[in-house]
Amino acid sequence: MCRGDLVITAGAWGGRKVKICTPFLFPQAKNCCFDLNTPNAKMIWQLTSYWKSLVTSVIFGLLLQPPLAQLSTITQPNFVLLMADDLGIGDVGCYGNDTIRTPNIDRLAKEGVKLTQHIAAAPLCTPSRAAFLTGRYPLRSGMDAINNYRVIFWNGGSGGLPPNETTFAKILQQQGYSTGLIGKWHQGVNCESRNDHCHHPLNHGFDYFYGMPFTLISDCQTTEAPEMDRVFRRKLWLYTQMICLFTLTAALGRITGLIPVRWKTLTCLAGFSLLFFVSWFSSYGFVRYWNCIMMRNHEITEQPMVTERTTSLILRESIAFIERNKHKPFLLFLSFLHSHTPLLTTEKFIGKSSHGLYGDNVEEMDWMVGQVLDAIDKEGLKSTTLVYFASDHGGWLERQEDTRQLGGWNGIYRGGKAMGGWEGGIRVPGILRWPGVLPAGTVINEPTSLMDIYPTVTHLAGGVVPQDRVIDGRDLMPLLQGRAEHSEHEFLFHYCGIHLHAVRWHQKDSGATWKAHYVTPKFRPLGAGACYDRGFCPCFGEGVTQHEPPLLFDLSQDPSEAKPLSADTEPLFDTVVERIGRAIEEHRRTLTPVPEQLSLYNVIWKPWLQPCCGTFPFCWCDKEGDSELADL
């Protein structure tokens with residue numbers, strides 16, 4: 001066998017015997033030495049020199065290659081998805097607010113792409129987030145309601161995101177990603193037993209979960225007035241008082257002899273009064289214990305939650321997740337509890353804004369965004385991480401306590417939270433940043449949807465969207481990078497529960513964006529911009545107005561939806577209405593019946609499904625009490 005390398009073993013070139021030995025030409029040869037005085041010696045020398053140079057270059061090239069982990073990071077970017085709760089598009093600086101300070105969210109827009117026509121698939125938490133996670137209109141998964149219970153109402157309910165739905169987290173998990181959800185879930189917990197966790201985040205593709213399986217409500221804070229089903233609870237309490245009063249009156253009548261009633265009848269009345277009271281107070285009387293809980297994976301850590309430290313814990317968990325997974329591709333879905341009532345705000349932000357507690361809360365959330373961005377920078381992940389910021393729907397206009405406005409502001413857009421058609425309920429902030437991949441400082445006015453995140457992150461991670469179901473989202477990358485001039489969405493359908501309220505048509509050849517309203521809520525009092533008499537605008541019944549022909553607006557000219565068009569004022573009125581009507585028919589042909597996750601049976605509280613960290617009904621624990629919180 002050849003040994004050694006390219007070696008000159010004797011003298012110089014001029015007339016002397018020179019021998020060269022190399023294994024590169026014939027590695028299996030026994031003798032790899034050549035006499036340079038023989039014929040063709042120079043040719044052999046040149047060929048040998050060529051191979052030596054080539055192999056050396058290859059070796060150096062291999063040595064300079066980055067390690068496999070870095071290649072994986074480059075080919076599979078990290079994803080940090082930030083979602084605010086009930087934040088109005090008008091509450092953010094880069095969308096026109098000049099009094100609430102949001103420098104970190106504004107920085108994202110400056111360094112990335114801002115979407116000005118970013119649309120939620122529903123105007124309420126549960127259905128909007130179901131659409132975000134699955135890339136599908138919520139009624140395709142049964143996550144929109146036929147009744148007035150349009151969200152998950154109890155941790156102890158049986159409805160939720162069906163196990164057969166495929167979230168983007170599940171696809172990324174299959175692609176080797178570490179997937180985490182920190183914060184709000186609101187997609188259900190159990191189906192048939194207390195610990196089956198069929199709707200739980202860990203059953204939908206997330207490796208790690210820390211946060212609220214429900215949503216933040218004022219009942220979670222003892223200093224606030226009850227929020228959950230407050231009108232219904234008042235009725236139940238009134239009925240209880242009436243029944244008790246009737247029973248006491250009958251008893252007094254029996255004692256005084258004024259009313260001829262038997263003691264057996266009185267006993268039955270008293271028993272019925274007690275049963276009626278227990279039947280509703282066992283759930284509504286303990287909302288803070290049943291719904292206001294914190295979990296880490298399947299374990300309950302706080303029941304009820306200690307709201308004073310919730311913000312610090314969520315931020316600490318988010319940063320820790322980034323630090324733990326910095327050497328491999330990861331997905332972090334940070335689902336803020338801000339800016340939902342009761343507006344949990346730490347002491348250092350109280351009184352800092354010019355918009356009361358709501359403004360303080362938004363500014364604190366912006367600070368949290370900054371802390372997460374700093375953690376990404378600190379770990380050197382900025383250029384390999386796609387950051388996305390949005391809200392699940394518009395601000396809640398009706399949320400007021402006395403003279404305090406506790407809900408968000410939707411800027412120039414009409415309507416708000418719970419309103420399926422008006423822009424204020426569904427047009428939300430949408431910002432994406434990925435340095436070196438997405439052009440900084442870009443503004444896109446094309447219609448996009450929260451559902452678009454599903455195919456976007458799936459494709460970037462190397463996955464494939466499910467082929468056995470309709471996916472309503474569209475990959476945003478061609479639009480974000482300027483490779484496509486227009487959005488792939490020609491039509492977007494705006495539902496309120498399962499009721500179609502409006503349809504948007506993006507007419508690409510003309511640049512117009514038409515919107516037809518078939519149903520609109522009745523605002524009360526007259527002339528107001530919301531349903532202040534109800535607290536929420538309804539989807540059907542006496543509280544809405546049907547429109548035939550529909551109210552038509554050209555959003556490209558009238559984004560505030562202030563001046564409805566008619567056949568007299570718009571020559572294309574009939575053509576546009578007819579084309580949208582055909583689109584509705586085509587859309588409805590793609591719908592298939594599915595179980596209703598928000599049916600009355602599924603939303604009511606069931607004691608046997610209630611998550612409990614003790615022995616039911618004695619559910620109480622605080623496993624975070626001894627943990628040391630960093631001064632974040």
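**Packing of helix 9 against helix 10**

Reply: In this predicted model, the axes of helix 9 (residues 310-324) and helix 10 (residues 356-378) come within 10 Å and cross at roughly 20°. Angles under 35 degrees count as roughly parallel, and helix 9 and helix 10 are therefore roughly parallel to each other. The crossing in which helix 9 passes helix 10 is right-handed. On the side of helix 9, the contact is made by Thr311, Ile314, Leu315, Ile319, Ile322 and Glu323. Helix 10 contributes Glu364, Trp367, Met368, Gln371, Val372, Ala375, Ile376 and Lys378.

Another helical site is Ser128, which lies in helix 4 (residues 125-134). Ser128 has a relative accessible area of 1% and is therefore buried. Leaving aside residues up to four places away in sequence, Ser128 touches Ala120, Ala122, Asp392 and Leu450.

An open sheet is formed by four strands in the order 17-18-19-20, with antiparallel pairing. Strand 17 (491-496) and strand 20 (544-554) are its edge strands, each pairing on one side only. From one strand to the next, the twist averages 15°. Within this sheet, strand 18 (residues 499-507) and strand 19 (residues 512-521) pair in the antiparallel sense over six bridges. His506 stands opposite Thr513 in strand 19.

Methods. Residues are numbered from 1 along each chain as its sequence is written. This is a predicted model: local features need pLDDT of at least 70, side-chain atom pairs count only at pLDDT 80 or more; totals for chains, interfaces and linings use all residues. Side-chain values use heavy atoms; hydrogens and water are left out. Axes are lines fitted to C-alpha atoms, for helices over the stretch in contact, and angles run from 0 to 180 degrees between N-to-C directions. Helices (H or I, at least four residues) and strands (E, at least two) are DSSP runs, numbered from the N terminus. Angles under 35 degrees count as roughly parallel, over 145 as roughly antiparallel, 65 to 115 as roughly perpendicular and the rest as oblique. A crossing is left-handed if the near helix is turned anticlockwise from the far one by less than a right angle, and right-handed if clockwise. Contact means heavy atoms within 4.5 Å. Buried means under 20% relative accessible area, exposed over 50%, partly exposed in between (1.4 Å probe, protein chains only). Two strands pair if DSSP finds at least two bridges between them.
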